Amino acid sequence: MHRPLLGMNFFAGDVAAGLGPYLAIYLLTMLKWSPGQIGPVLAVGGIATVLAQTPAGAIIDATRFKRAVLALCIVTIALGAVSIILFKSATAIYAAQIALGVAMAFMGPSIAALTLGIVGRENFTAQTSANQAWNHAGNVVAALAAAGLALWVSSLGVFWLVAAMAVGMLACVAMLRPDEIDHEVARGLDAGSEIRPGRPKPSGFKLLIEDRRLLVFAVCVVLFHFANAAMLPLVGQKLASNSDAAHGIAFTSACIVAAQIVMVAMALFCGWKADSWGRKPLFLIAFAMLPIRGVLFTLSDHSVYLVAVQALDGVANGIFAMLFLLILADVTAGTGRFNLVQGALATLLGIGAACSNLVAEEVVQLAGYSTGFLFLASVGVVGLLTFALFMPETAPHAARRPSNPAIEPVEA
């Protein structure tokens with residue numbers, strides 16, 4: 001395994017995870033914002049990501065300065081996290097969320113492109129599995145540190161922790177050698193492919209329209225994150241409503257730790273089975289966890305119970321994070337548009353997450369937490385059925401492939 005990539009993903013576990021659940025607790029308990037006010041500020045970061053995501057993918061495909069782009073994103077996230085607690089006005093918080101959202105749009109495609117460009121397609125599944133395992137391990141360490149900081153130092157310590165993890169991530173990025181990155185492979189072309197000027201360049205939206213697999217997967221990505229994104233912030237608010245900010249952050253950290261430990265196991269399991277089983281059976285398991293978790297959250301308000309249920313998020317997100325990249329690598333093989341399509345689908349992912357936070361907070365304000373969780377569970381059921389009925393297998397080994405796939409290898 002490539003050690004700097006592993007280290008980079010370890011620190012990215014906290015840097016790229018965002019401040020969503022912690023920010024919600026901070027705004028609710030320390031700045032006394034209502035759920036209706038919290039929803040828009042959580043959503044605005046997602047909206048910024050949505051607007052930047054597809055251009056970000058195109059830029060990552062085209063640039064040979066992927067390390068520099070990633071470093072700039074890391075610095076932006078660190079400064080944004082700190083500015084939220086230094087400048088407490090609504091304007092400053094919204095501005096920070098927008099900056100964080102744009103940086104997040106570039107971070108995911110940058111890490112995926114660097115991984116593909118360094119290890120190649122033949123080692124991509126194994127390296128991605130290891131990357132995800134280290135990423136989740138980093139989240140565990142960061143969540144434990146956040147809980148300790150909140151209980152024994154300051155409730156604001158989690159924001160400084162993001163900045164500290166960013167420094168570690170920057171150090172790992174600096175360890176990547178420019179000469180080990182194959183920029184053609186990093187964008188989804190075969191090794192040794194030449195990018196000739198003047199040739200047609202397919203857009204992400206064109207690929208989505210022409211390839212039925214990508215269209216169905218795009219719908220499923222939206223539904224998955226619509227059902228999932230708001231659950232942890234709602235659980236954090238539910239826990240914090242019965243305690244103070246410090247204990248709310250500590251319980252939220254416990255939720256994250258429980259889920260991330262399971263995610264480590266899921267990342268390793270997917271790396272072991274994703275090629276032999278195929279992508280679809282594993283992704284169906286991830287989807288099934290969403291409605292189950294949503295219903296279980298309504299059955300008790302006990303803190304230990306809520307933390308235990310949140311562990312199921314590790315199954316859902318652990319599989320999703322791994323399979324998302326593998327499915328996209330399958331259907332864009334040879335196109336030279338891996339990062340552009342990744343950006344386009346991540347745009348839709350951001351739409352689902354932003355709508356989840358915005359709508360769920362309004363449902364909670366109108367009808368309570370249980371209704372909010374049941375609403376999210378129902379969206380998860382729709383996504384599960386859509387994926388089961390309409391999404392074909394994409395693994396290269398699968399016996400059944402689309403008879404007329406729209407995407408053929410394209411030279412850019």
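These legends accompany several close-up views of one predicted model. Local features need pLDDT of at least 70 and side-chain atom pairs pLDDT 80 or more, while totals for chains, interfaces and linings use all residues. Residues are numbered from 1 along each chain as its sequence is written, and side-chain values use heavy atoms, with hydrogens and water left out.

**View 1. The whole chain, for orientation.** The protein chain holds 17 helices and 0 strands. Helices (H or I, at least four residues) and strands (E, at least two) are DSSP runs, numbered from the N terminus. Of the 412 residues, 60% are buried. Buried means under 20% relative accessible area, exposed over 50%, and partly exposed in between, with a 1.4 Å probe and protein chains only. Among contacts with a separation of 6 or more, 85% come from residues 24 or more positions apart. Contact means heavy atoms within 4.5 Å.

**View 2. Helices H13 and H17.** H13 spans residues 280–296 and H17 spans residues 369–390. They pack at an angle of about 160 degrees, with axes 7 Å apart. Axes are lines fitted to C-alpha atoms, for helices over the stretch in contact, and angles run from 0 to 180 degrees between N-to-C directions. H13 and H17 are therefore roughly antiparallel to each other. Angles under 35 degrees count as roughly parallel, over 145 as roughly antiparallel, 65 to 115 as roughly perpendicular and the rest as oblique. The H13–H17 crossing is left-handed. A crossing is left-handed if the near helix is turned anticlockwise from the far one by less than a right angle, and right-handed if clockwise. On the H13 side, the contact residues include Phe283, Phe287, Pro291 and Gly294. On the H17 side, they include Phe373, Gly380, Gly383 and Phe387.

**View 3. Helices H15 and H16.** H15 covers residues 312–331, and H16 covers residues 338–367. Their axes lie 10 Å apart, at an angle of about 135 degrees. H15 and H16 are therefore oblique to each other. Their crossing is right-handed. Phe320, Phe324, Leu325, Leu328 and Ala329 of H15 meet Phe338, Val341, Gln342, Leu345, Ala346 and Leu349 of H16. Leu345 is buried, at 0% relative accessibility. The C-alpha atoms of Leu345 and Thr54 are separated by 8.0 Å, though these residues are 291 apart along the chain.

View 4. Side chains of opposite charge can pair when their charged atoms come close. A salt bridge is a side-chain nitrogen of Lys or Arg within 4 Å of a carboxyl oxygen of Asp or Glu. The whole structure has 6 salt bridges. In this one, Arg279 meets Asp330 at 2.8 Å, N to O. Arg279 sits in the loop between H12 and H13 and Asp330 in H15, so the pair ties together parts 51 residues apart in sequence. Arg279 is buried, with a relative accessible area of 4%. Asp330 is buried too, at 14%.

View 5. Arg64 pairs with Glu184, with the closest N and O atoms 3.5 Å apart. Arg64 lies in the loop between H3 (35–62) and H4 (66–86), while Glu184 belongs to H8 (residues 183–186). These partners are 120 residues apart. Arg64 is exposed, at 51% relative accessible area, whereas Glu184 is buried, at 18%. Asp179 pairs with Arg177, with the closest N and O atoms 3.2 Å apart. Asp179 is exposed, at 64%; Arg177 is partly exposed, at 48%. Shared partners join Arg177, Asp179 and Glu180 into one salt-bridge network.

**View 6. Lys273, a buried lysine with no salt bridge.** Lys273 lies in H12 (residues 245–277). The nearest side chain of opposite charge is Asp275, 12 Å away. Lys and Arg count as positive and Asp and Glu as negative; His and the chain ends are not counted. Beyond its neighbours within four places in sequence, Lys273 contacts Gly278 and Leu282.

**View 7. Phe11 and its contacts.** Phe11 lies in H1 (residues 3–15). Phe11 is partly exposed, with a relative accessible area of 22%. Not counting residues up to four places away in sequence, Phe11 touches Met165, Gly168, Met169 and Cys172.
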